[in-house]
Amino acid sequence: MSTPILPAAAAAAAVEPVEQPRGRTRRGPRRPVATTALYVVLILLALVVILPLVWMVLTSFKTDADAIRNPYSLPSPFSLDAYRTLSSGQQPILLWLWNSFAAATLQTLLILVTASMGAYALARLDFAGKKVVFGLIISTLLVPPVVFLIPNYLIVQNLGWLDTILAITVPGAAGAFGIFFLRQFFVGLPVEIEEAARIDGAGDLRIFLQVVLPLARPALATLAVLSFLNNWNDFLWPVYVLLSPENMTLQPGLSMLQGAYRTHFAIVMAGAVVASVPVLVLFGIAQRQIVESVTGAAVKG
Amino acid sequence: MRSTVTDSIATAAVAPRQTAGGRGASRAGGPARRRRRTLTAYLFLAPFLVLFTTFVLAPAVYGLWISLTDWSPFRDVQSFIGFSNYADLFRSGSTTHDDFWQSMGATGIFVVASVPLLVVVPLLVAVLLNQRIRAATTFRTIFFAPYVLGVAVVGLVWGYVLDTQSGILNHLLHVVGIQADVPWTVDTPWVWVSLVGVTVWWTAGLNTVIFLAGLKGINTELYEAAALDGAGAIRSFFSVTLPGLRPVMLFITTTTVLASANMFGQSYLLTVGGPGNATRTAIMYIADQGLSQNNMAPAAAMSYVLFAFLAVVSIVNFRLQRERVEKGSAR
């Protein structure tokens, strides 16, 4: 139920569009000493950011003894023991990996379908009660998720969804972010193409499917990436609604792993690698969309 | 539970555009056509509205109702008891009073300790990245990367880094001659240093890229004018950069305060709320009471009290900073 990444995109709204020439602050030529100092600071900061992750990967390829004896050396011997223990141990991490993929994919699809349809109506159709519906959706953006925690737990329990994939996919798709995000995009699309299609006799459904959705592909892709990351990284909600080990996703699974292998650092780090590689790869592929969804409005101006 | 917050600004940003959707009005026909269009629109909205009603609207009301009852999962009929659960939270000596306010205090400490760093560090990094440098995009990517990781990964990796006996940080301290085994995750005040530090490592990249976007929106002519007036780097930072960033600053402080106030995973994974319950945050206590201890009614009441607190903090912050924004633009 948390939204670590999604609302980030809304930040775009805070950065006002600008028409001024963009660009770096231009001051006279800088002294080489200052430039060197600048790079030194940036490189040191980058190391602080990266080293824990490098260390996570290195440790995961060590034996337990090596991990404890030589915490900051290269793995010697290079060992896949940690991964072997993980895949054959009592903690079904491959199952968690699969559950995480399934849940994140399902929720993303659910958000794309429901939010795009709803956003089309809010952006393009004129109907009774529109302001009320839109106002209601927007106002819930202001409510912190903790308010929904207990009642949603009871609702999910009554639906018989506790400890199932439905608990971690469906309620989270009800958030207002997706529909808000896509509505903003749809409103910005030129209405002429749709009107031309309407004159050619196309109905709302055809216009939506054949004109609006293809035009909205970049926005849909961005929303898909953000939704996937969001669900993949969700922690509090799955910790409480998933109960049996075989139904866990990676995030609550990892916290179990930490408990089960407290001093087996190589195994714990291997688990962390398994959980972070997919999102880091996704970030590598879609980093432009992810970062620009945060800074988008400023660039668009 | 990091960012409910961000959305609030989004809301403010949308409001003025609200009328933009009314294009269909020109096509308005008779009442029958209008009724058909309304039907069409609601068919498009139906799938979302079903989800929204079930998991957002209903629980908001249901939670309020639960907080006004003596809810027990072991009984079929729940009875209405008015504001007793709320009154208990404000009456010292009740079963929930001390623990709840301790958790609110822990949340407060974390907000006060983390927000200044989560604003200042990203601001400085963004200013550095906004200089004419090579590989600015690469640096930006690196600084943002931890933010895409889940809190569980962050907790595991840092749990290992910060481990008192075998953690790499204490190892490194030994190497540079500091022999103290710093209890990073088990004793105050170190637990706070760790929780804040880990959170900065994890989320500073988000604020950095937002500040960077804001910096790129500042008219470069202002810097040139300042330079002509003889302003150095420091002067132009305070007289051009900071005023130019005011709207972004409002956004970032609001969202960061709310994100920090919703902290859960870091404490859950790194300190397990300890030592004692010193780092058990409000969210942690509410989740534990409501979902593990079956004290759902008091927990629901607590979530509304926390909501009210956050609303007040956001409004005060918004008022204070908006005044500055307005004064700044009037000057």
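Trainee: Is Ala135(B) buried, exposed or partly exposed?
Mentor: Ala135(B) has 14 other C-beta atoms within 10 Å, so it is partly exposed. The scale calls a residue buried if 20 or more other C-beta atoms lie within 10 Å of its own, exposed if 12 or fewer, and partly exposed in between, with C-beta atoms placed from the backbone. Bear in mind that this is a predicted model, in which local features need pLDDT of at least 70, side-chain atom pairs count only at pLDDT 80 or more, and totals for chains, interfaces and linings use all residues. Residues are numbered from 1 along each chain as its sequence is written, while chains are lettered from A and ligands numbered from 1 in the order in which they are written.

Trainee: Where is Ala135(B) found?
Mentor: In the loop between H4 and helix H5 (136-144) of chain B. Helices (H or I, at least four residues) and strands (E, at least two) are DSSP runs, numbered from the N terminus. Ala135(B) is not a glycine, yet its phi is positive, near 60°.

Trainee: And what is phi for Asn294(B)?
Mentor: About 60°, again positive in a residue that is not a glycine. Asn294(B) sits in the loop between H13 and H14 of chain B. It counts as partly exposed because it has 13 C-beta neighbours inside 10 Å.

Trainee: Which residues does a cis peptide bond join, with omega about -5°?
Mentor: Thr188(B) and Pro189(B). Pro189(B) is in the loop between helix H7 (168-175) and helix H8 (190-216) of chain B. Another cis peptide bond links Gly274(B) to Pro275(B), with omega about 0°. Pro275(B) belongs to the loop between helix H12 (265-271) and helix H13 (282-292) of chain B.

Trainee: Where in chain B is confidence lowest?
Mentor: In helix H1 (residues 6-14) of chain B, with a mean of 38, whereas helix H4 (residues 97-129) of chain B is highest at 96. That is pLDDT, the predictor's confidence in each residue, from 0 to 100. Residues 1-26 of chain B stay under 50. Where pLDDT is low, the predicted coordinates should not be read in detail. Chain B averages 86, and 89% of the residues score at least 70.

Trainee: Switching to chain A: how many helices does it have?
Mentor: Chain A has 14 helices and zero strands. Of its 301 residues, 50% count as buried.

Trainee: At what angle do H5(A) and H11(A) pack?
Mentor: Helix H5 (residues 93-124) and helix H11 (residues 217-233) of chain A pack at about 140°, their axes 8 Å apart. Axes are lines fitted to C-alpha atoms, for helices over the stretch in contact, and angles run from 0 to 180 degrees between N-to-C directions. H5(A) is therefore oblique to H11(A). Angles under 35 degrees count as roughly parallel, over 145 as roughly antiparallel, 65 to 115 as roughly perpendicular and the rest as oblique.

Trainee: And how does H8(A) run relative to H11(A)?
Mentor: The axes of helix H8 (residues 177-188) of chain A and H11(A) come within 10 Å and cross at roughly 160°. So H8(A) is roughly antiparallel to H11(A).

Notes
Contact = placed C-beta atoms within 7 Å.
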